[in-house]
Each structure stands twice: as C-alpha cells, then as structure tokens.
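Visitor: Please take me through this structure, one part after another. I have not seen it before.
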Amino acid sequence: MPDETSPGDARQALRTIDKRLAELWHLGSWFVAGWSLEATDLIVALAPIGMLPDLAETEIGLLRGDALDGRSLVAVAKRADLRIEAIPAGAWWAAPAMRAALAQSVQRYAIRRSPFHATARIEIDNFTTLKTVEQVAQLATLSYSLNLAAERLVAANSDIDLGRSPTPAGYRLWNRRQGWKADIDLFCLLALALAENGLARARDPRTAPVVKAAFGVGPGWEFSLPRGGGSPMIHNDVLGEVRSTVSTLVNCALPGQILAGTFDRPMVDGAPRPGVVYKNLDAPRFMGLAQRRLGDFDNVLLGPEKIAGLKLYLTGDEIGPGTFDIKAFRYKLPDGGDLEAFNVKLNIFRPANPPLFFGLQHKDLADAAPTRAYYSDESAREFVLKD
C-alpha cells in the first residue's frame, strides 16, 4: 500500500508520468486512444492523429477517455494496430483521489468523444461597439465572475475541472469531467457567475457588462491543442454538435437572457454503456436537479455580498392561480431549420436587500419566437444507448 505520509512522492510520480505522456504525445501528432492501470504500470494505447477518423468508425468503445481493463485494451490495440506503451506508475494509485488525478493527466493526451457533453457560453452584449480598453475591462470582469464561481464550486466539493475558451465576445465553458453530475456542476457554475455579474451591476452598472448566456448538452469531441515545446495541459477545446448548438442559442438570446437547449441524457457518471437502462434527464428534469444542487450555495459569498439563495426555473404562461406551464421556444435558423430552447430565470435572494432577477420574464418574449407547451410526458423516463 502507498505511504499516506508521502504525498510529495505521489505528486513527483505523477509529474514523471505526465512528462512521459508528453513525450509520447509528441507535440500532438499522437494521442492516447485507450488506457489501463495494471498493478504498478500505466498501460496506454497510442495512435497517430491520422488514424482518428478510422478509429471513430471501427472502434466505438475507444475514444471515451475512461480506463479499460487490461485484457480489453490489449485486444483492441492488436485489432486496430495501436502502439502499446507501459509507464511505471508505482502503487500510489490505489487511493481513489490519486487514481482520479492520474486519469485527469492521461485524458489531457486523449481525444475524447462523448454523446453527452455539456457546454455553455456567456457573451457580452454590444461588445464590438466598445472601445478596446472597455473590452479588456469587461472581459476581465466577466473572467473574475467565472473564476469566483469555479472557486465556490471547488469549495463545495464539486467534481469540476473547468475548460474555458475565448469567443469573440466572451467565453465558452465546459467541464472536463464527464457525467450527469458534472453537467449539473457546469450549469451551477454558470448560474453563480451570472448571479455575481448581476450583483456587480446592481452595485455599479458601469463596472460589470450586460451579458447573455446559453447552455446545452449534446455530442462533442474534446481534444488538447498542441503548444510548441510544451504539454497540452493548459489549453484544450470542444468541437461538435453541442458547440454549434450552443453558439446558435447564444446568438438567439437577447441581452440579459439565459437560454437552455432541449436535450435528453442518461443519468450516468462517465460514459454510458450500450444496452444498459438508465434514468433519462430531459432539460426540465435536469433543471430540477440543478436547483437542488444550487441549494448547497445558500449563504455563499459572491464578491463582497452574501446571498441567501438562488432559485432557477423555466418560464411559461400562467395556467391557474400561481401555476405556470413550461414553454419551449422554436427559433428559425438561416438554413431553414429550427432549434428549440427554454427560457431560464434566475432569482437571487439577499438577506438584507430586495431580490435580484437575472434573465427575462416570459411576458417580455412574446415576439422572440413561436412557443409551444412542453409536457413532462414528452420525454421518456428511461434512456438506453444503442450500439
């Protein structure tokens, strides 16, 4: 068993492994297609970048970033003509926390495909009309909101490893962790960042930007971007359908609005297995669980101000005294198609001040797009991923 009094030795072992992985990665010309931990060795199956399209077609079980058992890894490496390398890892990885750290290191050198990858965007309104110095100041202010939200998530023991990439007017966000809980943590981070932004604007509208936001879950590819002479641990990105969907949603959003796309995802941590029955989360069920998670941030400090709590909901029309339905908005796209989304409201309650409201009220969106009532029985209660 590893010596629990020697965390420094484990960190040094991880640095040594990371250095070897960077050598095998070879500035991004190779990638980790699969990996396994056998006794005290890390076994990695490597492929040149040129093999990626073929592997994506022929080896469905690969490219998920999760560890495989040794026998399966060897079998797929032989079948796909992958290069196998064994890297001495020591015995530190028996502890769950250290094994998670090892997995995080390996996944930086992988190209990971997921059918359920959550992504968010937060954009500054009228960004191009600002002077350059104002753009810098507002981006920095928005970055602070995101950094603070991430810090609060980490303090609440969230399993979040925030990925962030700049856009022309803000940031694209994702959680490098996979699974439904990781997706909810990403949405909670977005909610906390928007709450901090709203509080800052309430104190002084000149110091915080007017923003809009979008969130979605869908197929995506996560990969590391090579940096000359270095490792990929600093910067990576997400491509695929989910990125395109969220980009479209944020372009449809009005200033101060939050849009969430329609989606279904299995209630599973990590990659789902084909043929296994999971509980299904559509967007309204997902938001209900996100609201429950936001309860962990009651009385949290956002900047100089403590908030009593956050409440989020999807908007709709009043169908009875104090009872509202949920409306899905259908946005027309330039290519003739359409995209459905929900309007999200975020209420920010403060102990010593009136509540603040982020997002737009349903009654103010009459001309935004056609709507329809969304019923809970539209989405199946169970999810099965086909082969």
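Guide: Let us start with leucine 27, which counts as partly exposed because its relative accessibility is 48%. Buried means under 20% relative accessible area, exposed over 50%, and partly exposed in between, with a 1.4 Å probe and protein chains only. The model is a predicted one: local features need pLDDT of at least 70, side-chain atom pairs count only at pLDDT 80 or more, and totals for chains, interfaces and linings use all residues. Residues are numbered from 1 along each chain as its sequence is written, and side-chain values use heavy atoms, with hydrogens and water left out.

Visitor: Where is leucine 27 placed?

Guide: Leucine 27 belongs to the loop between α1 (7-25) and β1. Helices (H or I, at least four residues) and strands (E, at least two) are DSSP runs, numbered from the N terminus. The phi of leucine 27 is positive, near 60°, in a residue other than glycine.

Visitor: And alanine 39, is that one buried or exposed?

Guide: Alanine 39 is exposed, with a relative accessible area of 74%. Alanine 39 sits in the loop between β1 and β2, and its phi is positive, about 55°, although it is not a glycine. The two strands, β1 and β2, form a hairpin with two residues between them.

Visitor: How many bridges hold β1 and β2 as a pair?

Guide: Eight bridges, in the antiparallel sense, connect β1 and β2, the latter being residues 41-48. Two strands pair if DSSP finds at least two bridges between them. Phenylalanine 31 stands opposite alanine 47 in β2, and serine 36 has isoleucine 43 of β2 as its bridge partner. As for cover, seven of the nine residues of β1 are buried.

Visitor: What is the strand order in that sheet?

Guide: The order is β1-β2-β3, in an open sheet of three strands with antiparallel pairing. β1 (30-38) and β3 (83-88) are its edge strands, each pairing on one side only. On average, neighbouring strands are turned by 25° against each other, direction ignored.

Visitor: Which helix lies across β1, β2 and β3?

Guide: That is α3 (residues 70-80), running at about 150° to β1. Axes are lines fitted to C-alpha atoms, for helices over the stretch in contact, and angles run from 0 to 180 degrees between N-to-C directions. Helix α4 (residues 96-107) also packs on the sheet, where it touches β1 and β2, and its direction makes about 160° with that of β1. Contact means heavy atoms within 4.5 Å.

Visitor: Changing topic: which residues of the largest nonpolar core touch the most other members?

Guide: In that core of 60 residues, they are Ile122, Leu194, Phe215, Leu346 and Ile348. A nonpolar core is a set of buried Ala, Val, Leu, Ile, Met, Phe, Trp, Tyr and Cys residues joined through side-chain atoms within 4.5 Å. Helix α6 (residues 180-203) supplies the largest share of this core, 13 residues. Leaving out residues up to four places away in sequence, isoleucine 348 touches residues including Ala195, Leu199, Ile307 and Phe358. There is also a second, separate core of 22 residues, with Leu24, Leu37, Leu46 and Trp92 among them.

Visitor: Now α8, please. Why is it described as largely enclosed?

Guide: Ten of the twelve residues of α8 are buried, so the rest of the structure largely encloses this helix. Among the buried ones are Phe286, Met287 and Leu289.

Visitor: What caps the N-terminal end of α8?

Guide: Aspartate 282 does, with a side-chain oxygen 3.1 Å from the backbone nitrogen of arginine 285. Aspartate 282 is also the residue of β11 that stands opposite aspartate 264. Strand β11 (residues 277-282) runs antiparallel to β10 (residues 264-266), joined by three bridges. On another pairing, β11 meets β21 (residues 382-384) in the antiparallel sense over three bridges, and valine 277 has valine 384 of β21 as its bridge partner.

Note on methods
A polar contact is a pair of N or O atoms within 3.5 Å; within protein, one must be able to donate a hydrogen and the other to accept it, and residues adjacent in sequence count only if both atoms are side-chain atoms.
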